[in-house]
Amino acid sequence: MRANTTGRRRALDVIFEAEIKGILVPGLLRELLAERQNMSTAQVPIRGAGVELVEVVADHLYELDSLIDHYSTWGLRRLSRVDRAVLRLGIAELRYRGVDVPVVVSEYSGIIREIGSSRSVPFLTAIFNRVAEDMKEGIEPPTKDTEHAIDIAAASQLAEEAAQAAAEREASASTEKADEIENVDLAAAEPADGDEGTPATASRAAAAEADEAMVAGAAGEPASDEPEAEAHRLEIDEAAESKPADESAGSGHSEDRGESHAPQSLADIAGRNQAAHAAATGDNGEGEAAPSAPSAP
């Protein structure tokens, strides 16, 4: 099947893309071709004759690069990627598809002009003509020196491996970063032991307050932060003060138990002080001094 202009454009897209991505080796080029049959960067998938043309280039890639290096005065490496792609396709059609040189020159010259590289047209036309002349005269150019073609293929393979390694490192770094973010979120969600305001801390604080109140009650002292307990204790003390010290006092005499009675109120203290003062001064409480004992003659 002869490739038409659209098929040649799509084939040129695939060859150029493969070199840009560093995958211009036969196996990877075929993989890219399979992808481009379903989806194309030009929004027009490659079909029919264009697919066959790329397959021919993949089958003879190293030989084609060697021929380009032979016929070009600049050498393969110094040519632009677009020129290399056009020469691979054009020479493949001349040598392996039997396309006439006027058709090859006309088709690829028009594609080059559409791309905007019209200055390359005379150079590319000259190479196509030389290839066609050698084929007509039966001259087989030397293809043993494939150093440049092998170098380009090796460089493409290395570039592919480097790109894959970089993608793996990036994916690994993204995974590690996501794990770090998740760990930080978990640490923020879980309160640290001893932090203020946490439920665990509140429970420990309540337990400490209960222990303090228990110890204070055992010692007979109210806890510093229990005013209600203090007031209740005072009420109990006042009730105890109002009771008679000894119920037997109503019988007309009190039993001396050898115990001293501590004052129960400020009035008790005042009364005792007055009694002590009266005993010391002999005042009987009626303004008259107690009679003194007669003096000895």
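**Charged side chains, close up**

Modeller: Let's start with aspartate 179, which is partly exposed, its relative accessible area being 39%. Here buried means under 20% relative accessible area, exposed means over 50%, and partly exposed is in between, using a 1.4 Å probe and protein chains only. Before we go on, this is a predicted model, where local features need pLDDT of at least 70 and side-chain atom pairs count only at pLDDT 80 or more, while totals for chains, interfaces and linings use all residues. Residues are numbered from 1 along each chain as its sequence is written, and side-chain values use heavy atoms, leaving out hydrogens and water.

You'll find aspartate 179 in helix α8, residues 147–189. Helices (H or I, at least four residues) and strands (E, at least two) are DSSP runs, numbered from the N terminus. On the surface, Glu176, Asp179, Glu180 and Glu182 gather in a patch of negative charge. Residues in a patch have over 30% relative accessible area and no salt bridge, with like charges joined within 9 Å and nonpolar side chains (Val, Leu, Ile, Met, Phe, Trp, Tyr) within 5 Å.

Now step back for the setting. The chain has 11 helices and 0 strands. Of its 297 residues, 28% count as buried. It exposes about 19400 Å², with carbon and sulfur atoms supplying 53% of that; the areas come from the Shrake-Rupley method with a 1.4 Å probe, and for residues only the protein chains shown count as cover.

On to the pairs. Side chains of opposite charge can pair when their charged atoms come close. We call it a salt bridge when a side-chain nitrogen of Lys or Arg is within 4 Å of a carboxyl oxygen of Asp or Glu. That rule gives a count of 13 salt bridges.

Take arginine 8 and glutamate 93: they form a salt bridge whose closest N and O atoms are 2.8 Å apart. Arginine 8 sits in helix α1 (residues 5–20) and glutamate 93 in helix α5 (residues 81–96), so this pair ties together parts 85 residues apart in sequence. Arginine 8 counts as buried, at 3% relative accessibility, and so does glutamate 93, at 2%.

Aspartate 13 also has a partner, arginine 10, and their closest N and O atoms are 3.1 Å apart in a salt bridge. These two are 3 residues apart in helix α1, which means about one helical turn separates them. Aspartate 13 counts as partly exposed, at 28% relative accessibility, whereas arginine 10 is buried, at 14%.

Next, arginine 36 forms a salt bridge with glutamate 17, the closest N and O atoms being 2.5 Å apart. Arginine 36 is in helix α2 (residues 26–36) and glutamate 17 in helix α1, so the pair links distant parts of the chain, 19 residues apart. Both partners are buried. There's a network too: salt bridges link Glu19, Asp65, Arg84 and Arg88.

One last stop is glutamate 35, also in helix α2. Glutamate 35 counts as partly exposed, at 47% relative accessibility.

Methods. Lys and Arg count as positive and Asp and Glu as negative; His and the chain ends are not counted. The place of a charge is taken as NZ of Lys, CZ of Arg, CG of Asp or CD of Glu.
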